[in-house]
Amino acid sequence: MSEQSFQIFVVEDDDWYRKLLVHTLSLNPDHSVKAFADGESMLKELKNKPQLVTLDFRLPDYSGSELFDKIKSVDPEIEVIIISEQQDIETAINLLKKGAYDYLTKTDDIRDRLIHVLNKLGKNKKLEAKVESLQQEVEKKYEFQSNIIGQSAGIKKVFRLIEKAITTNITVMITGETGTGKEVVAKSIHYNGKQKSKPFVPVNMSAIPKDLVESELFGHEKGSFTGATGKHIGKFEQAQGGTLFLDEIGEMDISLQAKLLRALQEKEITRVGGSSPIKVDCRVIVATHRNLQKEVKEGNFREDLYYRLFGLPIELPPLRERDKDVIILAKHFAEAFAKENDQEIKSFTKDTLQKLMNYSFPGNIRELKSIVELAMVMADGNEISPDDITFAQKDVLADVLTEEMSMKEYQMRIIHLYLKKYSEDIKMVADKLDIGQSTIYRLLKEEKESSQ
Ligand SMILES: Nc1ncnc2c1ncn2[C@@H]1O[C@H](COP(=O)(O)OP(=O)(O)OP(=O)(O)O)[C@@H](O)[C@H]1O
């Protein structure tokens, strides 16, 4: 059956109405319609799970309410439209309250109204199917083993911790430099855990002006402060049953940290300007690029909140410590870019991979991704060469190491770099490189002699 088509059961003991309904419903070639003159024969076929049953309210063997309950007990997803006489409207309306999709009375315009109701139902079903497939897509996107790319020992350790986080409800604290994938990990935990069908609500603490943080997190009542023109539901309430992801928690103002601690401990919040507390039940994941322990020592972060949030710590390694993951990720981003842009996949030359491996990636995976995407645009043929790789931050070491040279040549290159940096001050360079001044003089002399 196509995505839009419906299997419909018509239950009607009046021959004339049954024919009318079957005829009307069959006008749409996507509908497959089966008719029944009593409830019993329809119940026998119910295992075939129609999407819709039109149910005459008065049947010889069952009352409309009885049949309605039986249908819903087989599968609550089956929609039921009640067809009733004028005098049964009150009971039909009660069935609406119990979850019937709609009711139609046997009047002259029943055909038009039936078509109208079916169109409405069709649209809703299509929407439901779409929502479901989007949900599946999102879940698939965060199947972490296939989506957190990497095979280094560091990332494998992270996988093990994510698995632990998924099976419990423990608060998770993710730390790592910018661009190491903290949000990706938080989403993976959410979409693989028990809360996956409920919202994932991210809040970036550094992106909200200080005086709005409280209302953003806990919400506010109308008129609670100048500018509060309406009621606002805060992030805690939005995340009800799901996950609240507090990104950059280290940036939270100390005056608000006590309120956050209270909300986490009591599992309830009070909207700004509100008087009654509201129960909130959500998982909390926090992330920071800061060393929170240091922040505690320096008095910028409350110690009690730190321990309340600590839960399961997941530390993401910087990309430069992830060994060959740089290559795996680079190839992954190149493939993804080619797919998204309908391009041929381009491969990296050996020198290009070496250039990438030598770079320190201060912006981590985010930086690698944009470097690779730019290289895909810049590369002319089907290979990405070292020249197609542009680092946003000039990495002297990477430049020095790209060319293959002897140890002695590297040594001279480094000495010249330092001499340039410290205005030819040989004493300073000797100090910095921790070698004797006389060694530098000797090496420079040897170099001069060998070039003559
Ligand atoms: N292991 C991974 N595999 C594939 N892509 C990744 C991985 N980790 C991160 N990314 C990608 O890198 C980029 C940065 O990731 P993310 O935003 O999660 O980092 P972050 O640590 O939260 O950064 P910030 O601290 O700046 O908020 C995103 O485009 C993300 O999709």
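Student: How many residues surround the ligand, and which are the closest?

Tutor: A residue counts as near a molecule if its C-beta atom, placed from the backbone, lies within 6 Å of it. Here 16 residues surround the ligand, and the closest are Ile149, Thr178, Gly181, Lys182 and Glu183. The model is predicted: local features need pLDDT of at least 70, side-chain atom pairs count only at pLDDT 80 or more, and totals for chains, interfaces and linings use all residues. Residues are numbered from 1 along each chain as its sequence is written.

Student: Which elements give two or more residues to the shell around the ligand?

Tutor: Helices here are DSSP runs (H or I, at least four residues), numbered from the N terminus. The elements that give two or more residues to this shell are α8 (182-192) and α16 (364-378). At least three residues of the shell come from each of domain 2 (147-317) and domain 3 (320-392), with bounds from an automatic or database domain assignment.

Student: How does the shell around the ligand divide by class?

Tutor: Ala, Val, Leu, Ile, Met, Phe, Trp, Tyr, Cys and Pro count as nonpolar, Asp, Glu, Lys and Arg as charged, and the others, Gly among them, as polar. The shell around the ligand has seven polar, five charged and four nonpolar residues.

Student: At what angle do α7 and α8 pack?

Tutor: Axes are lines fitted to C-alpha atoms over the stretch in contact, and angles run from 0 to 180 degrees between N-to-C directions. For helix α7 (residues 153-167) and α8 the angle is about 40°, and their axes are 9 Å apart. That makes α7 oblique to α8; under 35 degrees is roughly parallel, over 145 roughly antiparallel, 65 to 115 roughly perpendicular and the rest oblique.

Student: Which residues of α7 and α8 make the contact?

Tutor: Contact requires C-beta atoms, placed from the backbone, within 7 Å. From α7 come Val158, Ile162, Ala165 and Ile166, and from α8 Val185, Ser188, Ile189 and Asn192. The residues of this contact divide into six nonpolar, two polar and no charged.

Student: What is the angle between α11 and α13?

Tutor: Helix α11 (residues 254-266) packs on helix α13 (residues 303-310) at about 40°, with the axes 10 Å apart. That makes α11 oblique to α13. Gln257, Leu260, Leu261, Leu264 and Gln265 of α11 meet Asp304, Leu305 and Arg308 of α13. The contact of α11 with α13 has four nonpolar, two polar and two charged residues.

Student: How do α18 and α19 cross?

Tutor: The axes of helix α18 (residues 407-421) and helix α19 (residues 426-433) come within 9 Å and cross at roughly 125°. That makes α18 oblique to α19. Ile415, Tyr418 and Leu419 in α18 meet Val429, Lys432 and Leu433 in α19.

How values were computed: Two residues are in contact if their C-beta atoms, placed from the backbone, lie within 7 Å.
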